[in-house]
Amino acid sequence: MSDSVQRSDSVGRATLPSYLQQFDSHDFELFVADLWSRQRRETEVTPPSQDGGVDIVATRQFPVRLKIVIQAKRYSPARNVSSTEIQQYGSLHRQEENVDAVVVVTTAGFTEQAQRTAEALNVKLVDVDNLCETIERVKGHDLLNSYLDDDVFTDGVVTTDEFVADTPLGGGT
């Protein structure tokens with residue numbers, strides 16, 4: 001077996017969720033803010049004890065002003081975001097002035113009822129699959145490395161030893 005394998009979409013996409021599960025909640029918020037910064041947004045992570053439900057404020061000034069408030073949920077794969085939570089987050093646009101969108105980002109998924117509630121409340125949802133697609137699209141593997149103990153992703157290559165040694169076998173919290 002070779003010492004390294006080229007990270008293909010299927011291998012990279014399949015392993016990304018397990019690496020996201022290694023974050024604690026605060027690091028996940030920081031990572032999401034960095035990911036949105038990579039998309040030409042200015043981001044601010046709110047202090048945990050004073051966030052009022054808003055974890056991240058992301059803004060863009062050009063070509064038109066856009067302000068997004070983001071709730072980041074680092075959940076285990078078996079723990080989907082519920083409709084009740086979406087109802088709560090639906091009011092986040094009132095926590096800040098001039099909010100254009102409310103986004104909930106999770107390392108898991110959303111219940112069917114949560115998806116219906118989000119549509120009714122105009123809350124944008126980013127599940128683990130969308131999050132992984134975003135990481136791939138903005139080439140955010142270096143951001144993952146900055147939060148992980150070892151540099152797992154190196155110029156689009158994952159070494160076999162690192163892949164086998166660092167891949168968790170079970171879910172998170």
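Analyst: Strand β5 (residues 101–106) runs parallel to β6, and four bridges join the two; strands here are DSSP runs of E with at least two residues, helices are runs of H or I with at least four, and both are numbered from the N terminus. Two strands count as paired if DSSP finds at least two bridges between them. Val105 has Val126 in β6 as its bridge partner. Helix α5 packs on the sheet and touches β5 and β6, its direction making about 75° with that of β6. Contact means heavy atoms within 4.5 Å, and angles run from 0 to 180 degrees between N-to-C directions, with axes fitted as lines to C-alpha atoms, for helices over the stretch in contact.

The model is predicted: local features need pLDDT of at least 70 and side-chain atom pairs pLDDT 80 or more, while totals for chains, interfaces and linings use all residues. Residues are numbered from 1 along each chain as its sequence is written, and side-chain values use heavy atoms, leaving out hydrogens and water.

The sheet is open, with five strands in the order β2-β3-β4-β5-β6 and mixed pairing. Since β2 (42–45) and β6 (123–126) stand at the edges with a single partner strand each, one side of each is left without a neighbour in the sheet.

Helix α5 (residues 128–137) also packs with helix α2 (residues 25–37), at an angle of about 50° and with the axes 11 Å apart. Phe28, Phe31 and Leu35 in α2 meet Leu131, Thr134 and Ile135 in α5.
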